[in-house]
Amino acid sequence: MKTILIQLDTDPLPSSFDRVVAVDAGVDKLFCYGSVTPENVIGLVHGAMFTRGPADLKNTAIFVGGSDVTAGETLLQKVIDTFFGPVHVSTMMDSNGSNTTAAAAVLALGQHVDLSASDVLVLGGTGPVGERAAQLLAREGATVRVASRSLGRAQTVCDRIAERVPGSRLAACENDSETTTNNVDAIIAAGAAGVQFLSQDIWSDIESLKVAIDLNAVPPVGIEGIEVTDKAADKTGKICYGAIGVGGFKMKIHKAAIQKLFTTNDAVLDTEAIYEIGQELLND
Ligand SMILES: NC(=O)c1ccc[n+]([C@@H]2O[C@H](COP(=O)([O-])OP(=O)(O)OC[C@H]3O[C@@H](n4cnc5c(N)ncnc54)[C@H](OP(=O)(O)O)[C@@H]3O)[C@@H](O)[C@H]2O)c1
């Protein structure tokens, strides 16, 4: 039986990026819909639920995407709420690459440090990628500093993560306060495209710093001196990754997650589940 991926995009034009990855992941048929909202999605989900028998439902899956991550989260919830009993198809959410990028960044970091014993600063930690990276780090037992231009926004993110990850060690901080980088073991810069947070002379002088990961590919990069293609590059004794250096693994995670959708009819691949798929890839 042919595999069918139903791509529900919150933008008017369904993402070409997500379509290419679906094809490369081996999906047989791809149905793409744009401007999908919680109001108009129910019929599309019913179309996935009621067309194939229970044993064949695992050959149909749903992907939620689009540039607006909050809209994607709301849409994912509506899709899940529309399923009932065993009449379910597997679903993945990766609006704006938020889940796959955060997973790839944290897994790259975990190759070099013991996350559970690390103090990690997430710059731009209030964005969709930063918040997810901070959440995954907290689950791994890291001490996490969530940084923002606004202490209040950083605190809101910390509070949300603390609810999802009981016992997590989180601290809200400002991007550029003097103490933000004190004794930090690692930095993930997840700020908006084209925003630089750290100059090279500052981060190369942080004695405790072992790993620096910058997810911003648009000049100026988020951490000065990191090249977008850096992948475990040694710079002044620190291990560095740039956006493309992380992006290769992010693509592998995305493809593997699409493939995983077709192994069962009831998976929901969101932040943690996508991270676990990345872990499996590393262990293979
Ligand atoms: N490599 C990849 O494959 C890949 C995939 C997806 C995304 N990305 C990159 O990952 C990064 C994070 O993505 P995202 O969607 O989470 O980013 P985002 O929402 O656009 O921005 C993240 C945070 O940056 C801060 N920010 C915005 N403008 C700023 C400014 N002018 N000065 C200082 N801080 C500013 C904001 O925090 P506050 O307002 O709280 O300060 C915002 O919450 C981006 O650079 C994106 O391009 C890479």
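## Getting started

Helices here are DSSP runs of at least four residues, numbered from the N terminus. That is how to read a label such as H8, the helix that gives the most to the shell around the ligand, with four residues. Keep in mind as you look around that this is a predicted model.

Let's begin with the overall layout.

## Around the ligand

Now for the ligand. There are 25 residues around it, and the ones that come nearest are Gly127, Val129, Ser148, Ala192 and Asn216. Two elements give two or more residues to this shell: helix H5 (128–139) and helix H8 (243–261).

Which domains does the shell draw on? Domain 1 and domain 2 each provide at least three of its residues.

## H5 and its partners

Take H9 (residues 271–283) as one partner: H5 packs against H9 at an angle of about 70°, and the two axes are 11 Å apart. Angles of 65 to 115 degrees count as roughly perpendicular, so H5 and H9 are roughly perpendicular to each other. Their crossing is right-handed. On the H5 side, Arg132, Gln135, Leu136 and Arg139 do the meeting, and on the H9 side Thr271, Glu272 and Tyr275. That contact comes out as two nonpolar, two polar and three charged residues.

The other pairing is with H6 (residues 151–164). Here the axes come within 10 Å and cross at roughly 40°, so H5 and H6 are oblique to each other. H5 passes H6 in a right-handed crossing. Glu131, Ala134, Gln135 and Ala138 in H5 meet Val157, Ile161 and Arg164 in H6, a contact of four nonpolar, one polar and two charged residues. Look out for Gln135, which is listed in the contact of H5 with H9 and also in the contact of H5 with H6.

## H4 against H8

Finally, back to H8, this time with H4 (residues 98–110) beside it. How do these two helices pack? Their axes are 8 Å apart and the angle is about 120°, which makes H4 oblique to H8. This crossing, too, is right-handed.

From H4, the contact uses Thr100, Thr101, Ala103, Ala104, Ala105, Leu107 and Ala108. H8 answers with Val246, Phe249, Lys250, Ile253 and His254. By class, that gives eight nonpolar, three polar and one charged residues.

Technical notes. Residues numbered from 1 in each chain as written. Predicted model: local features only at pLDDT ≥ 70, side-chain atom pairs only at ≥ 80, totals over all residues. Near = placed C-beta within 6 Å. Domains from an automatic or database assignment. Axes fitted to C-alpha atoms, helices over the stretch in contact; angles between N-to-C directions. Parallel < 35°, antiparallel > 145°, perpendicular 65-115°, else oblique. Left-handed = near helix turned anticlockwise from the far one by under 90°. Contact = placed C-beta atoms within 7 Å. Nonpolar A, V, L, I, M, F, W, Y, C, P; charged D, E, K, R; others polar.
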